[in-house]
Amino acid sequence: MSLVSGSVMVYDASVVATSGTTSLQPLHVFTSPTGRAPQDLAPNPGDLPNLVAVLYEPTGSLDSPVVELLDVQNLQVVGGWQSGGTPETTPTSSK
């Protein structure tokens, strides 16, 4: 789940699917590296299903991460890409 603040929350799916659960607490909250909301979230369809790619709107700074790879099983950021500062080098969603 992502929020307008840019945070991405990870929940235990078995708890979310349990009938009668009234108070859900996230397992972990990832904060936005840009301070902006995610534009897109995409699971890894390959051999590492615990990875999620998050696309953020760039801030205009060259060192601003634009894509982060989140390991939602180990609850950590494991990589990402930065914008190159030009429209040709800014990551975009393929949707």
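This is a predicted model: local features need pLDDT of at least 70, side-chain atom pairs count only at pLDDT 80 or more; totals for chains, interfaces and linings use all residues.
Val 16 is found in helix H1, which covers residues 13-16. Together with Val 15 and Leu 24, Val 16 forms a nonpolar patch on the surface, and the accessible area of these three residues comes to about 210 Å².

Of the 95 residues in the protein chain, 24% are buried. The accessible surface of the protein chain is about 6100 Å², and carbon and sulfur atoms account for 55% of that surface. Among the contacts in the protein chain with a separation of 6 or more, 31% are between residues 24 or more positions apart.

Strand E4, which spans residues 51-56, is largely enclosed by the rest of the structure, because five of its six residues are buried. Strand E3 (residues 38-43) runs antiparallel to E4, and five bridges join the two strands. Within this pairing, Leu 41 stands opposite Val 54 in E4.

Beyond its neighbours within four places in sequence, Val 54 is in contact with Val 8, Pro 38, Asp 40, Leu 41, Val 66, Val 67, Glu 68 and Leu 70. Pro 43 is 11 residues from Val 54 in sequence, and the C-alpha atoms of Val 54 and Pro 43 are 8.9 Å apart in space.

Asp 71 has its place in strand E5, which covers residues 65-71. With a relative accessible area of 6%, Asp 71 is buried, because the limit for a buried residue is under 20%. The side chain of Asp 71 is involved in polar contacts with backbone nitrogens, as set out below.

| Side chain | Backbone nitrogen | Distance |
|---|---|---|
| Asp 71 | Gln 73 | 3.0 Å |
| Asp 71 | Asn 74 | 2.9 Å |

When neighbours within four places in sequence are left aside, the residues in contact with Asp 71 are Phe 30, Asn 50, Leu 51, Gln 76 and Val 78.

Conventions
Residues are numbered from 1 along each chain as its sequence is written. Side-chain values use heavy atoms; hydrogens and water are left out. Patches are made of residues with over 30% relative accessible area and no salt bridge: like charges are joined within 9 Å, nonpolar side chains (Val, Leu, Ile, Met, Phe, Trp, Tyr) within 5 Å. Accessible areas come from the Shrake-Rupley method with a 1.4 Å probe; for residues, only the protein chains shown count as cover. A salt bridge is a side-chain nitrogen of Lys or Arg within 4 Å of a carboxyl oxygen of Asp or Glu. Helices (H or I, at least four residues) and strands (E, at least two) are DSSP runs, numbered from the N terminus. Buried means under 20% relative accessible area, exposed over 50%, partly exposed in between (1.4 Å probe, protein chains only). Two strands pair if DSSP finds at least two bridges between them. Contact means heavy atoms within 4.5 Å. A polar contact is a pair of N or O atoms within 3.5 Å; within protein, one must be able to donate a hydrogen and the other to accept it, and residues adjacent in sequence count only if both atoms are side-chain atoms.
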